[in-house]
Amino acid sequence: MSSNENLGPLVSGNSYLKNVLSPFKSNLNVAHINCRSIRPVTKLDELKNLLGNNNTFDILAVTETWLVPDILNSAVSIPGYYFCRGDREIPGRGGGVGIYLSKGLPFRHVFKSSVRHCESLFLELQFQSTKVLFGVIYLPTGDIDLFESLHCNIFEEYNNIVLFGDFNFNLFNPTKAIIFRRLCTRLNLSIIHNSKPTHFDLGSRSTSLIDFMLTSDFSIVAYSDQIQCPAISDHALIFASLSISFSSLPDFVEYRNFNNIDWNGIWNFLASYDPNLVFSSVGVDAKCASITSLLDSLYSFVPVVRKKIKHSVDPWMKSIDVRFAVSLRDLAFSSFQNERTQEHWRIYCKYRNRAKAIIRRCRRYHYSRLFNGINSRGLWKALRGSGCVVLLRILLLCP
């Protein structure tokens, strides 16, 4: 982490966010970033590394996902999160919104918009007796009138609203700031930002405040700040800790333990079981139903084990080569921020591309070692640990 007076501290790993949010562990911690595509694997690796082992944020809203329907959720999944998405439906690159939601949070879909100039996704979150409307907005052209017309009726249905987004409406412009504050007054919303720029435009060498948070209750914001993650985006990651009490359910996996089968129970069951129930059944469907019932009864003697899933950062991101390459890249970016010249930008791009190449190389090396020289039992264990078995099941279930 290095300091910068523009978009906030320059952050790559999880230690900075972990320290800043440590006093707010019991709060609902939320964040947003315009990621300008989450499809590159190196960018997703950087995002996972930023979130850390314990998933620093309960909710992460993303804009400009650049996803299309034929890209599965599993391709952009982050362990410990559900991913709700709203892809851009019109042809062409860009757009799209999404919300990474901690698996312990109950939610339901409320609204999704994918019209040309306003993309949004809204979920209803249930916290004990409190309902919260959480949403993410992307306005490619800054059309706040369209934003108001599409969502004003939804906002009237909720007392608690939290909204993140890239509005492309620069609040550093005094006229636009007045217009936007009038909009917030009509919608009974408050703007949460730190008076820092959230986007740096390389072409014009200018900064703007276009990413921010809106809420119906300013008092629930216990803390808010922003950081810059140039490996992910040229937009700042903005985050807040909300004083909302909730009990998150741990992420569990359930499986049957065939090493502890109740054999006595099975023998007693089979001793009293009448096989004629299967053979006397009339018709194929009836016979299948009888066999299924028999198998279900036998499975009841195989105990179910429930274990909490422990999420960890991708191992290759902790390698010495990757950490060294990332530190050089961040140092080059800090130099560019101090001396915004074309030469400093060229140097940063050089180290950025080198870091990407090293991450890809270490990723390949990790998996080549994982599957090299192991027996079939070890292979399936490695596949389950890497998530490949889950992906295979998804692919097989696809029509």
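This is a predicted model: local features need pLDDT of at least 70, side-chain atom pairs count only at pLDDT 80 or more; totals for chains, interfaces and linings use all residues.
## Asparagine 27 and its neighbours

Leaving aside residues up to four places away in sequence, asparagine 27 touches Asp58, Ala222, Ser241, Leu242, Ser243, Ile244 and Phe246. One of these neighbours also takes part in a polar contact: the side chains of asparagine 27 and serine 241 meet at 3.1 Å.

Where does asparagine 27 sit in the chain? Its place is the loop that runs between α1 (15-21) and β1 (28-34). Is asparagine 27 buried or exposed? Its relative accessible area is 13%, and the cut-off for burial is under 20%, so asparagine 27 counts as buried.

Now for helix α3, which covers residues 144-155. Its buried residues are Ile144, Phe147, Glu148, His151, Ile154 and Phe155. Around the helix axis they cover an arc of only 130°, so they lie on the same side of α3. Asp145 and Asn153, by contrast, are exposed on the other side of the helix.

What covers the buried residues of α3? The cover includes the strands β5 (107-115), β6 (118-127), β7 (130-138), β8 (161-166) and β12 (211-215), together with helix α4 (174-187). There is also a detail worth a look at the start of α3: here a side-chain oxygen of aspartate 143 comes to within 3.4 Å of the backbone nitrogen of aspartate 145.

## How α3 meets α4

A pair of packed helices is described by two quantities, the angle between the axes and the distance between them. For α3 and α4, the axes come within 11 Å and cross at roughly 15°. Angles under 35 degrees count as roughly parallel, which means that α3 is roughly parallel to α4. The crossing of these two helices is right-handed.

Which residues make up this meeting of helices? From α3 come Ile144, Phe147, Glu148, Cys152 and Phe155, and from α4 come Ile179, Phe180, Leu183, Arg186 and Leu187. Ile144, Phe147, Glu148 and Phe155 are also among the buried residues of α3.

## The chain as a whole

Stepping back, the protein chain holds 11 helices and 16 strands. Its C-alpha trace spans about 85 × 55 × 45 Å along the principal axes.

Of the 399 residues in the protein chain, 47% are buried.

Definitions and conventions
Residues are numbered from 1 along each chain as its sequence is written. Side-chain values use heavy atoms; hydrogens and water are left out. Helices (H or I, at least four residues) and strands (E, at least two) are DSSP runs, numbered from the N terminus. Buried means under 20% relative accessible area, exposed over 50%, partly exposed in between (1.4 Å probe, protein chains only). A polar contact is a pair of N or O atoms within 3.5 Å; within protein, one must be able to donate a hydrogen and the other to accept it, and residues adjacent in sequence count only if both atoms are side-chain atoms. Contact means heavy atoms within 4.5 Å. The arc is that of the directions from the helix axis to the C-beta atoms. Axes are lines fitted to C-alpha atoms, for helices over the stretch in contact, and angles run from 0 to 180 degrees between N-to-C directions. Angles under 35 degrees count as roughly parallel, over 145 as roughly antiparallel, 65 to 115 as roughly perpendicular and the rest as oblique. A crossing is left-handed if the near helix is turned anticlockwise from the far one by less than a right angle, and right-handed if clockwise.
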